[in-house]
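Please keep the sequence and the structure in view while reading.

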Amino acid sequence: MSDPSLAPLASGHSPSSSARRAAPRSRTRQETIKEEGSRGIPRVGAKNPRTMLEEDAEGLVGGREPNSRPGRGGGLWAAAMEPVRWVRMLCRELGATFVAGVVLVHGFSHGFAGSFFRVASDYYWKDVQRVQPATVQFLSVFFYVPWVLKPLWGVLTDVFPVRGYRRRPYFLFSGMLGTASAATLAMVTALPVSSAVFCFVGISTAVAMADVTIDACIAKNSIDKPALAPDMQSLCAFSSSLGALIGYATSGMFVHHLGAQGALGVMALPHATVVFLGFFIYELKTYQHNVKEKVLNKVSGSVKGMIRTIKYPVVWKPSLYMFLSMALSISTHEGQFYWYTNKTPPNPGFSQEFVGLVHAVGAVASMVGVLIYHKCLKDYPFRSLLFYAQLLYGVSGALDLTFVLRWNLALGIPDAAFVTLEECVTRVVGRVRLMPMMVLSAKLCPPGAEGTFFALLMCIDSLGMLAAKAGGAGALRALRVTRTDFGRLWLAMLLRSALRFATIAAISLVPTADQTDVLVPRELLRPPAAADDEERLQLAMLTSHTDDD
């Protein structure tokens, strides 16, 4: 790709410095527009604010300031400063506190804690609790229950303010819950399986509640500024991938030196930062009368609004596709983990540090997937992009099958090299597949109930993941994959790959619209007349405030 900074100047030649000094000061373009607008003079070829926002966003993401000449500066410096300019643009358009909240929740709480949780919890169940892989796969279903309940958290954050605040209290509660749960797992020895499951569910609930709270603001901004919807999802994905990289890179080391149980105590730190976010994030306090009656009316209105919205084909069809895409990709992760960490030949017998390292490389690959989507794929229609992404997702499953069958050794590829290659391909393809689905979900939310409805869509996705976990547990148990017997593990991998390809048959459920189009039906674009203007103003202030004000 060519660097925008190397493009020729649109005006041909720059005026000399002496000419600039001699020329009298002329009005800027913004001053002329402002004067003409105040006098009611229509401008020929005037652009609407959305078009100007799209051009500014594309200019910043492309490595230049809006309305600046692309020839300034070196290409290497422009490329190095591109992420900084992009974040500055998002802070200006969406609010610095909003951007900081996204980074803390998706980067530290979700990305770092999620990746650390994955490695440390796997070793915890294998080495501390010593349960079978099919049992761990089944217990992981309970960890997804809080994500299935995201509509409940959405209703709480939308219509149940606490002392006049709708966001801060839920950040505080989720942070304290996650901190207490992680500390209990780390400090209590000989913890019963049921109590350990309860603590893991507490951690999952804390992450889900913080996630839905910040997602309400993301969905609101996706409706108000649709041109920046892909950028907001890219910010979430970049933050999550960077946090996951740090979590994976350090998880093996902590498990090796502190043990699986001691390493879980590190997870209290990300949740403590969510408590800090509860005090830090900008939010106006609202004062209401007849709170109970208003809450009941708003809950009823939110539920009716969700039911009314989900009935539209443009909403339920892509929602069904996203569910099928998640559910049919059954999870066999625990069986694979027990197999490649088993020290008995001919199993790979990977060490704790190497497992964390491979996942860290996968996190980098996930960031590459975000970059590929952001730079090359965000302008493609939903259906075309998801079709090819799902096709590649099915092909990537064949790499796992090749590894389990040990065909890589027949090809002369060492286990370490092949599993790293497999992790990279799977992460890149998985991220490219997930990104348009997240943008699509944000686009389907009606104004006035963004948090609740986005949580409903994420709940549908979580139900799909839960079904995938349960299906994988059933497959591992039916094929009698245990802690020491992996003879039929390859059959589970083959079934998973076949189901991924089968999902392509439902691609017609996805709209053919572009990712910047408005998908919400026109009659739902107006918030309900009974909506509280003060609360809408409060959310706007929350998501639009900048620290420069």
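A residue is called buried if its relative accessible area is under 20%, exposed if over 50%, and partly exposed in between (1.4 Å probe, protein chains only). The model is predicted, so that local features need pLDDT of at least 70 and side-chain atom pairs count only at pLDDT 80 or more, while totals for chains, interfaces and linings use all residues. Residues are numbered from 1 along each chain as its sequence is written, and side-chain values use heavy atoms, with hydrogens and water left out.

A pair of aromatic rings is described by the distance of the centres and the angle of the planes. Rings of Phe, Tyr and Trp (its six-membered ring) pair if their centres lie within 6.5 Å; planes under 30 degrees apart are stacked, those over 60 edge-to-face, and the rest tilted. By this rule there are 21 aromatic pairs. One of them joins Tyr123 and Phe337 edge-to-face, with 5.0 Å between the centres and 85° between the planes. This pair links distant parts of the chain, 214 residues apart: Tyr123 belongs to helix H5 (residues 96-129) and Phe337 to helix H15 (residues 333-340). Helices (H or I, at least four residues) and strands (E, at least two) are DSSP runs numbered from the N terminus. Both Tyr123 and Phe337 are buried.

Trp339 and Phe403 also form an edge-to-face pair, at 5.0 Å centre to centre and 75° between the planes. Trp339 is buried, with a relative accessible area of 5%, and Phe403 is buried at 4%. Ring pairs connect a cluster whose members include Tyr123, Phe337, Trp339 and Phe403.

Which residues of helix H21 are buried? They are Leu489, Ala492, Met493, Arg496, Ser497 and Arg500. An α-helix has 3.6 residues a turn, so residues three or four places apart point the same way.

His359 lies in helix H16 (residues 352-377). With 4% relative accessibility, His359 counts as buried. The side chains of His359 and Glu423 are joined by a polar contact of 3.5 Å. Such a contact is a pair of N or O atoms within 3.5 Å; within protein, one must be able to donate a hydrogen and the other to accept it, and residues adjacent in sequence count only if both atoms are side-chain atoms.
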